[in-house]
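Please look over the structure shown below, and then follow a walk through its packing, its charged pairs and its backbone.

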Amino acid sequence: MPADPRTASSTASTSTASPSLPVDEVARLGAAVLDRVGSVVVGMREPLRIAFATILAGGHVLFEDVPGLGKTLAARSIAAAVGLDFRRLQCTPDLLPSDITGSFVYVPSSGDFEFRPGPVFTGLFLADEINRTSPKTQSALLEAMAEGQVSVEGRSFPLPSPFHVVATANPIESEGTYALPEAQLDRFMVRLGVGYPDEAGESRVLLSRVARRHEVATVEAVMDAATLAAMQAGVEAVDVDADIAAYCVRLAAATRRHRSVEVGASPRGSQGLLLVARALAVLDGRDFVIPDDVKAVAVPVLAHRLTLTVQAWTGGVRAEQVVLEVVNTVPGPPAVGTAQRAGAEASA
């Protein structure tokens with residue numbers, strides 16, 4: 001059976017190590033990306049910053065909020081700014097797993113079956129309204145998100161690198177929707193809410209639409225996929241002090257003991273805290289992580305990994321409230337190591 005050209009190219013891309021960019025260059029390019037995306041997506045600077053930090057950390061992003069707030073535009077704009085190939089799939093109840101992964105198709109001219117890649121074979125894959133498709137189809141993304149490959153009829157096909165999934169979900173509807181199970185939610189490094197813009201921001205959205213004279217907003221690329229891979233390698237080159245790692249562990253462990261939590265954050269949650277906090281630090285131009293970096297991402301990283309007790313859920317307790325309580329009660333690292341280093345560099 002002939003090899004698929006996309007598979008061959010992705011294999012080559014994943015086998016070649018990317019060069020590493022220095023911290024200051026990663027911060028400069030990151031600021032350029034956020035400025036470029038922010039010129040189109042209004043009022044979402046902090047969610048966009050955390051979403052981009054998640055991509056630099058090698059993770060996947062779930063935007064969960066009401067319709068019409070620009071979640072799809074944000075995903076498309078980030079993909080365009082970092083030079084990734086982008087594909088969007090509108091999730092519907094009749095969607096099949098093969099509509100995501102691709103399938104083998106019979107080719108009469110060769111008398112053989114040939115693999116036709118699905119839309120997941122791209123740099124940034126947007127699963128729009130992922131909770132509108134069935135759990136069987138949702139699970140088609142599990143292997144892709146965890147291992148960067150898909151398996152079809154016993155054969156594995158590697159995905160391009162970098163590869164990231166951005167999904168959107170509408171939390172206000174229950175008719176015709178399928179809530180993501182805990183195992184699927186855990187594959188997303190962060191879950192972000194967007195929120196309504198203020199009046200000034202909403203006015204800017206309207207005036208920007210009038211000024212461009214057409215519906216579609218476009219974003220020019222700041223870099224290409226190879227540069228993004230080098231930025232990711234630059235983030236990976238930054239070490240983290242043991243006291244910061246211990247702080248992440250204590251936060252995750254505290255969620256497991258909380259009175260309102262039935263199942264707390266797993267070690268994947270504490271690892272997500274560390275990785276996204278490190279990427280945020282690099283975006284700020286630092287080669288060290290401070291406790292405030294961890295606190296800034298605690299809710300996006302941990303809240304969607306918690307399963308609340310029935311009593312807490314019926315009493316109106318939200319997972320975000322639990323995480324904030326944990327952040328406010330768990331003591332931070334001692335004033336040595338990273339914190340001491342931060343103060344020394346600030347006074348230099």
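Leaving aside neighbours within four places in sequence, which residues is Leu273 in contact with? In this predicted model, Leu273 is in contact with Cys248, Leu251, Val294, Val297, Ala298, Val301 and Leu302. Leu273 also belongs to the largest nonpolar core, which has 75 residues, and it is one of the four members, together with Phe52, Leu56 and Val294, that touch the most other members. Helix H12, which spans residues 267–283, gives the most to this core, with nine residues.

The structure has five aromatic pairs, and one of them is formed by Phe104 and Phe157, whose rings are tilted, with 6.0 Å from centre to centre and 55° between the planes. Because Phe104 lies in strand E3 (residues 102–107) and Phe157 in strand E7 (residues 155–158), the pair ties together parts that are 53 residues apart in sequence. Both Phe104 and Phe157 are buried. Another pair, made by Phe115 and Phe121, is edge-to-face, at 5.8 Å centre to centre and with 65° between the planes, and both of these residues are buried as well. Phe104, Phe115, Phe121 and Phe157 form one aromatic cluster.

Strand E3, where Phe104 lies, also takes part in a pairing of strands. E3 runs antiparallel to strand E4 (residues 112–117), and six bridges join the two. Within this pairing, Ser103 stands opposite Arg116 of E4. The hairpin of E3 and E4 has four residues between the strands, and in it Gly111 takes a positive phi near 65°.

The charged side chains come next. Side chains of opposite charge can pair when their charged atoms come close. A search of the whole structure finds 16 salt bridges, among them one between Arg45 and Asp35, whose closest N and O atoms are 3.0 Å apart. Arg45 lies in helix H3 (residues 45–56) and Asp35 in helix H2 (residues 23–38), so this pair ties together parts that are 10 residues apart in sequence. Arg45 is partly exposed, with a relative accessible area of 44%, and Asp35 counts as partly exposed at 47% relative accessibility.

How is the salt bridge of Asp186 and Arg305 placed, buried or exposed? The side chains of these two residues meet at 2.6 Å, N to O, and both Asp186 and Arg305 are buried. Since Asp186 lies in the loop between helix H8 (182–185) and strand E9 (190–192), and Arg305 in the loop between helix H13 (291–302) and strand E11 (307–308), the pair ties together parts that are 119 residues apart in sequence. A further salt bridge brings together the side chains of Glu320 and Arg318 at 3.5 Å, N to O, and here Arg318 is partly exposed, with a relative accessible area of 47%. Salt bridges that share partners also join Glu46, Arg49, Asp284, Arg286 and Asp293 into one network. Arg286, a member of that network, lies over the face of Phe288, at 5.7 Å from the ring centre.

The backbone has some details of its own. Most residues other than glycine have a negative phi, and most peptide bonds are trans. Ser161 and Pro162, however, are joined by a cis peptide bond, with omega about 0°, and Pro162 lies in the loop between E7 and strand E8 (164–169). Glu129 has a positive phi, near 55°, and is found in the loop between strand E5 (124–128) and helix H6 (135–138), where it counts as partly exposed at 21% relative accessibility. Glu153 has a positive phi too, near 50°; its place is in the loop between strand E6 (149–152) and E7, and Glu153 is exposed, with a relative accessible area of 66%.

Ser260 counts as buried because its relative accessible area is 10%, and, not counting residues up to four places away in sequence, it touches Leu308, Thr309, Ala312, Val317 and Val322.

Terms used. Residues numbered from 1 in each chain as written. Predicted model: local features only at pLDDT ≥ 70, side-chain atom pairs only at ≥ 80, totals over all residues. Heavy atoms only, no water. Buried < 20%, exposed > 50% of the residue type's maximum accessible area, 1.4 Å probe, protein only. Contact = heavy atoms within 4.5 Å. Phe/Tyr/Trp six-rings, centres within 6.5 Å; stacked < 30°, edge-to-face > 60°. Lys NZ or Arg CZ within 6 Å of the ring centre and 35° of its normal. Core = buried A, V, L, I, M, F, W, Y, C linked by side-chain atoms within 4.5 Å. Pairing = 2+ DSSP bridges. Salt bridge = Lys/Arg side-chain N within 4 Å of Asp/Glu carboxyl O.
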